[in-house]
Amino acid sequence: MENNTGKAMLCKLRALDFSLYETVLYLDAYPHDGDALAYYHKLLEQRKSLMEEYESSFGPITPMGNTCTGEWKWIKSPWPWEYDAN
């Protein structure tokens, strides 16, 4: 069950990342669009929240996600690109 939850969270993170990058491209062309900027910040907050939730349950996705001061957890779980992690 945990693995399915982790997979679903990673899928949602990927979708949020895609939406963020698309919104950035739009904002590059239309930097004064207040609605798009608000949407960007909404997506960014959702991503931050989901990333924190994922990393607290399944470990860091990137080396920068290692927030534990007692040990280096980045190497403890499967790498994000390994089959077991996805």
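The expected span of a helix is taken as 1.5 Å times one less than its number of residues. Helices (H or I, at least four residues) and strands (E, at least two) are DSSP runs, numbered from the N terminus. On this basis helix 2, with 25 residues, reaches 36 Å from its first C-alpha to its last, close to the 36 Å expected at 1.5 Å a residue. The model is a predicted one, in which local features require pLDDT of at least 70 and side-chain atom pairs count only at pLDDT 80 or more, while totals for chains, interfaces and linings use all residues. Residues are numbered from 1 along each chain as its sequence is written, and side-chain values use heavy atoms, with hydrogens and water left out.

The chain contains two helices and zero strands. Of its 86 residues, 26% are buried, where buried denotes under 20% relative accessible area, exposed over 50%, and partly exposed the range in between (1.4 Å probe, protein chains only). With contact defined as heavy atoms within 4.5 Å, residues 24 or more positions apart account for 45% of the contacts in the chain with a separation of 6 or more.

In soluble globular proteins, nonpolar side chains tend to be buried together. A nonpolar core is here a set of buried Ala, Val, Leu, Ile, Met, Phe, Trp, Tyr and Cys residues joined through side-chain atoms within 4.5 Å. The largest such core has 10 residues, namely Met-9, Leu-10, Leu-13, Leu-16, Leu-20, Leu-43, Leu-50, Met-51, Tyr-54 and Ile-61. Two or more residues are given to this core by helix 1 (2–29) and by helix 2 (34–58). Helix 1 gives the most, with five residues. The buried residues of helix 2 are Ala-36, Leu-43, Leu-50, Met-51, Tyr-54 and Glu-55.

Leu-43, a member of this core, touches Leu-16, Ser-19, Leu-20 and Thr-23 when residues up to four places away in sequence are not counted. Thr-23 belongs to helix 1 and, at 7% relative accessibility, counts as buried. Under the same exclusion of residues up to four places away, Thr-23 touches Ala-36, Tyr-39, Tyr-40 and Leu-43. The side chain of Thr-23 also reaches the backbone oxygen of Ser-19 at 2.7 Å. Such a polar contact is a pair of N or O atoms within 3.5 Å; within protein, one atom must be able to donate a hydrogen and the other to accept it, and residues adjacent in sequence count only if both atoms are side-chain atoms.

Leu-27 likewise lies in helix 1 and is buried, with a relative accessible area of 13%. Its contacts, not counting residues up to four places away in sequence, are Asp-33, Ala-36, Leu-37 and Tyr-40. Leu-27 and Leu-37, 10 residues apart in sequence, are separated by 7.2 Å in space, C-alpha to C-alpha. At the start of helix 2, a side-chain oxygen of Asp-33 reaches to within 3.1 Å of the backbone nitrogen of Asp-35.

One salt bridge is present in the structure, the term denoting a side-chain nitrogen of Lys or Arg within 4 Å of a carboxyl oxygen of Asp or Glu. The side chains involved are those of Asp-17 and Arg-47 (2.3 Å, N to O). Asp-17 lies in helix 1 and Arg-47 in helix 2, so the pair ties together parts that are 30 residues apart in sequence. Asp-17 is partly exposed at 22% relative accessibility, and Arg-47 is partly exposed at 23%.

The structure holds two aromatic pairs. Rings of Phe, Tyr and Trp (its six-membered ring) pair if their centres lie within 6.5 Å; planes under 30 degrees apart count as stacked, over 60 as edge-to-face and the rest as tilted. For Tyr-26 and Tyr-30 the ring centres are 4.8 Å apart and the planes stand at 35°, so the pair is tilted. Tyr-26 is partly exposed, with a relative accessible area of 36%, and Tyr-30 is partly exposed at 47% relative accessibility. Tyr-54 and Phe-58 form a tilted aromatic pair, with 5.0 Å from centre to centre and 35° between the planes. Both residues lie in helix 2, four residues apart, about one turn of the helix. Tyr-54 is buried at a relative accessible area of 8%, whereas Phe-58 is partly exposed at 23% relative accessibility.

Phe-58 and Gly-6 are 52 residues apart in sequence and 7.1 Å apart in space, C-alpha to C-alpha. Helix 2 is followed by Gly-59, whose phi is positive, near 100°.
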